[in-house]
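Subject: Structure handover and notes

Hello,

Please find the structure below, followed by notes on what was found in it. Please read the two together.

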Amino acid sequence: MKKIEAIIKPFKLEDVKEALVEAGIEGMTVSEVKGYGRQQGHSELYRGAEYVVEFIPKIKIEIVVSNDEYAEIAIKAINGAAKTGKIGDGKIFVSQIDSVVRIRTDEKDEEAL
(Lines give C-alpha, C1' and ligand atoms only; values in the text may rest on other atoms or scores of the structure.)
Protein backbone atom coordinates (compact mmCIF):
# COMPACT_ATOMS: atom_id res chain seq x y z
CA MET A 1 0.00 0.00 0.00
CA LYS A 2 1.15 3.53 -0.77
CA LYS A 3 0.30 6.90 0.74
CA ILE A 4 0.34 9.85 -1.61
CA GLU A 5 0.54 13.34 -0.17
CA ALA A 6 0.22 16.27 -2.54
CA ILE A 7 0.72 19.93 -1.69
CA ILE A 8 -1.04 22.05 -4.32
CA LYS A 9 -2.33 25.56 -4.96
CA PRO A 10 -5.79 26.07 -3.42
CA PHE A 11 -7.53 26.98 -6.68
CA LYS A 12 -6.45 23.66 -8.23
CA LEU A 13 -8.27 21.48 -5.66
CA GLU A 14 -11.43 20.99 -7.72
CA ASP A 15 -9.41 20.11 -10.85
CA VAL A 16 -7.35 17.56 -8.91
CA LYS A 17 -10.44 16.04 -7.29
CA GLU A 18 -12.13 15.63 -10.69
CA ALA A 19 -8.97 14.09 -12.19
CA LEU A 20 -8.73 11.57 -9.35
CA VAL A 21 -12.41 10.61 -9.62
CA GLU A 22 -12.02 10.14 -13.40
CA ALA A 23 -8.96 7.95 -12.74
CA GLY A 24 -11.01 5.74 -10.41
CA ILE A 25 -9.32 6.85 -7.18
CA GLU A 26 -11.83 6.92 -4.33
CA GLY A 27 -11.44 8.73 -1.03
CA MET A 28 -9.10 11.48 0.01
CA THR A 29 -8.36 13.72 2.95
CA VAL A 30 -7.96 17.44 2.31
CA SER A 31 -6.33 19.93 4.69
CA GLU A 32 -5.65 23.63 4.46
CA VAL A 33 -1.97 24.17 5.21
CA LYS A 34 0.61 26.94 4.97
CA GLY A 35 4.24 26.74 3.99
CA TYR A 36 6.95 27.81 1.62
CA GLY A 37 9.60 26.28 -0.58
CA ARG A 38 12.11 27.94 -2.85
CA GLN A 39 9.89 30.97 -3.30
CA GLN A 40 10.39 31.93 0.38
CA GLY A 41 7.07 33.78 0.59
CA HIS A 42 6.28 37.10 -1.08
CA SER A 43 5.56 40.78 -0.37
CA GLU A 44 2.08 42.29 -0.48
CA LEU A 45 0.69 45.78 -0.13
CA TYR A 46 -2.14 46.43 2.33
CA ARG A 47 -3.49 49.96 2.89
CA GLY A 48 -0.28 51.46 1.62
CA ALA A 49 2.00 49.37 3.84
CA GLU A 50 4.17 46.59 2.48
CA TYR A 51 4.39 43.37 4.47
CA VAL A 52 5.93 39.95 3.86
CA VAL A 53 3.80 36.82 3.62
CA GLU A 54 6.22 34.09 4.68
CA PHE A 55 3.82 31.16 4.73
CA ILE A 56 1.74 30.75 1.60
CA PRO A 57 -1.69 29.05 1.80
CA LYS A 58 -1.72 25.61 0.18
CA ILE A 59 -3.92 22.51 0.10
CA LYS A 60 -2.66 19.11 1.24
CA ILE A 61 -4.33 16.05 -0.23
CA GLU A 62 -3.72 12.61 1.27
CA ILE A 63 -4.65 9.38 -0.51
CA VAL A 64 -3.88 5.74 0.30
CA VAL A 65 -3.98 3.22 -2.54
CA SER A 66 -3.58 -0.54 -2.55
CA ASN A 67 -0.64 -0.94 -4.94
CA ASP A 68 2.03 0.69 -7.11
CA GLU A 69 -0.21 0.69 -10.19
CA TYR A 70 -2.87 2.81 -8.48
CA ALA A 71 -0.13 5.03 -7.04
CA GLU A 72 1.17 5.80 -10.53
CA ILE A 73 -2.37 6.51 -11.78
CA ALA A 74 -2.98 8.89 -8.87
CA ILE A 75 0.37 10.66 -9.31
CA LYS A 76 -0.28 11.24 -13.03
CA ALA A 77 -3.79 12.54 -12.32
CA ILE A 78 -2.60 14.94 -9.61
CA ASN A 79 0.40 16.12 -11.59
CA GLY A 80 -1.65 16.79 -14.72
CA ALA A 81 -4.45 18.63 -12.91
CA ALA A 82 -2.32 20.68 -10.49
CA LYS A 83 0.35 21.89 -12.91
CA THR A 84 0.29 25.55 -13.95
CA GLY A 85 3.95 25.71 -14.99
CA LYS A 86 4.63 28.48 -12.48
CA ILE A 87 6.63 28.50 -9.26
CA GLY A 88 4.76 27.14 -6.27
CA ASP A 89 2.79 24.43 -8.08
CA GLY A 90 3.60 22.08 -5.22
CA LYS A 91 5.00 18.63 -4.60
CA ILE A 92 3.87 15.00 -4.46
CA PHE A 93 5.27 12.68 -1.79
CA VAL A 94 4.87 8.90 -1.88
CA SER A 95 5.50 6.63 1.10
CA GLN A 96 4.96 3.01 2.05
CA ILE A 97 2.04 2.12 4.36
CA ASP A 98 2.56 -0.97 6.50
CA SER A 99 -0.92 -1.38 7.90
CA VAL A 100 -4.44 0.11 7.88
CA VAL A 101 -7.33 -0.64 10.22
CA ARG A 102 -10.92 0.49 9.62
CA ILE A 103 -12.12 1.44 13.09
CA ARG A 104 -15.81 0.67 12.52
CA THR A 105 -15.39 -2.92 11.27
CA ASP A 106 -11.83 -3.90 12.31
CA GLU A 107 -11.05 -4.67 8.66
CA LYS A 108 -7.33 -4.59 7.97
CA ASP A 109 -5.01 -3.52 5.20
CA GLU A 110 -6.43 -3.57 1.64
CA GLU A 111 -9.90 -4.59 2.90
CA ALA A 112 -9.91 -1.40 5.01
CA LEU A 113 -9.30 0.84 2.02
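In which strand is Lys34 found? Lys34 is in strand β2 (residues 29–35); helices (H or I, at least four residues) and strands (E, at least two) are DSSP runs, numbered from the N terminus.

Some ground rules come before the rest. This is a predicted model, in which local features need pLDDT of at least 70 and side-chain atom pairs count only at pLDDT 80 or more, while totals for chains, interfaces and linings use all residues. Residues are numbered from 1 along each chain as its sequence is written, and side-chain values use heavy atoms, with hydrogens and water left out.

Back to Lys34. Lys34 counts as exposed, at 66% relative accessibility. Exposed means over 50% relative accessible area, buried means under 20%, and partly exposed lies in between (1.4 Å probe, protein chains only). Leaving out residues up to four places away in sequence, Lys34 touches Phe55, Ile56 and Pro57, where contact means heavy atoms within 4.5 Å. The C-alpha atoms of Lys34 and Ile59 are separated by 8.0 Å, and these two residues are 25 apart along the chain.

Salt bridges

Side chains of opposite charge can pair when their charged atoms come close. A salt bridge here is a side-chain nitrogen of Lys or Arg within 4 Å of a carboxyl oxygen of Asp or Glu. By this rule there are seven salt bridges.

Why does Lys2 count as buried? Lys2 counts as buried because its relative accessibility is 19%. The side chain of Lys2 also makes a polar contact with the side chain of Gln96, at 3.1 Å. A polar contact is a pair of N or O atoms within 3.5 Å; within protein, one must be able to donate a hydrogen and the other to accept it, and residues adjacent in sequence count only if both atoms are side-chain atoms. Not counting residues up to four places away in sequence, the residues that Lys2 touches include Ile63, Val65, Ala71 and Val94.

Another salt bridge is formed by the side chains of Lys60 and Glu5, at 3.1 Å from N to O. Lys60 lies in strand β5 (residues 56–65) and Glu5 in strand β1, so this pair ties together parts that are 55 residues apart in sequence. Lys60 is partly exposed, with a relative accessible area of 22%, and Glu5 is buried, at 18%.

Arg102 and Glu107 also form a salt bridge, with their closest N and O atoms 2.5 Å apart. Arg102 is partly exposed at 26% relative accessibility, and Glu107 is partly exposed at 27%.

The nonpolar core

A nonpolar core is a set of buried Ala, Val, Leu, Ile, Met, Phe, Trp, Tyr and Cys residues joined through side-chain atoms within 4.5 Å. The largest one has 17 residues, and among those with the most contacts inside it are Ile4, Val16, Ile61 and Ile78. At least two residues of this core come from each of β1, α1 (13–22), β5 and α2. The largest share, six residues, is from α2. Apart from its neighbours within four places in sequence, Ile78 is in contact with Ile4, Ala6, Val16, Leu20, Ile63 and Ile92.

Which residues of α2 are buried? They are Ala71, Ala74, Ala77, Ile78, Ala81 and Ala82. Seen down the axis of α2, these buried residues fall within an arc of 130°, so they line one face of the helix; the arc is that of the directions from the helix axis to the C-beta atoms. On the other side of α2, Glu69, Lys76 and Gly80 are exposed. The cover over the buried residues of α2 includes β1, α1, β5 and β6 (90–96). At the start of α2, a side-chain oxygen of Asn67 reaches to within 3.1 Å of the backbone nitrogen of Glu69.

In α1, the buried residues are Val16, Ala19 and Leu20. They cover an arc of only 100° around the axis, which puts them on the same side of α1. Val21 and Glu22, on the other side of α1, are exposed. What covers the buried residues of α1 includes β1, β5 and α2. Just after α1, Gly24 takes a positive phi of about 85°.

Regards
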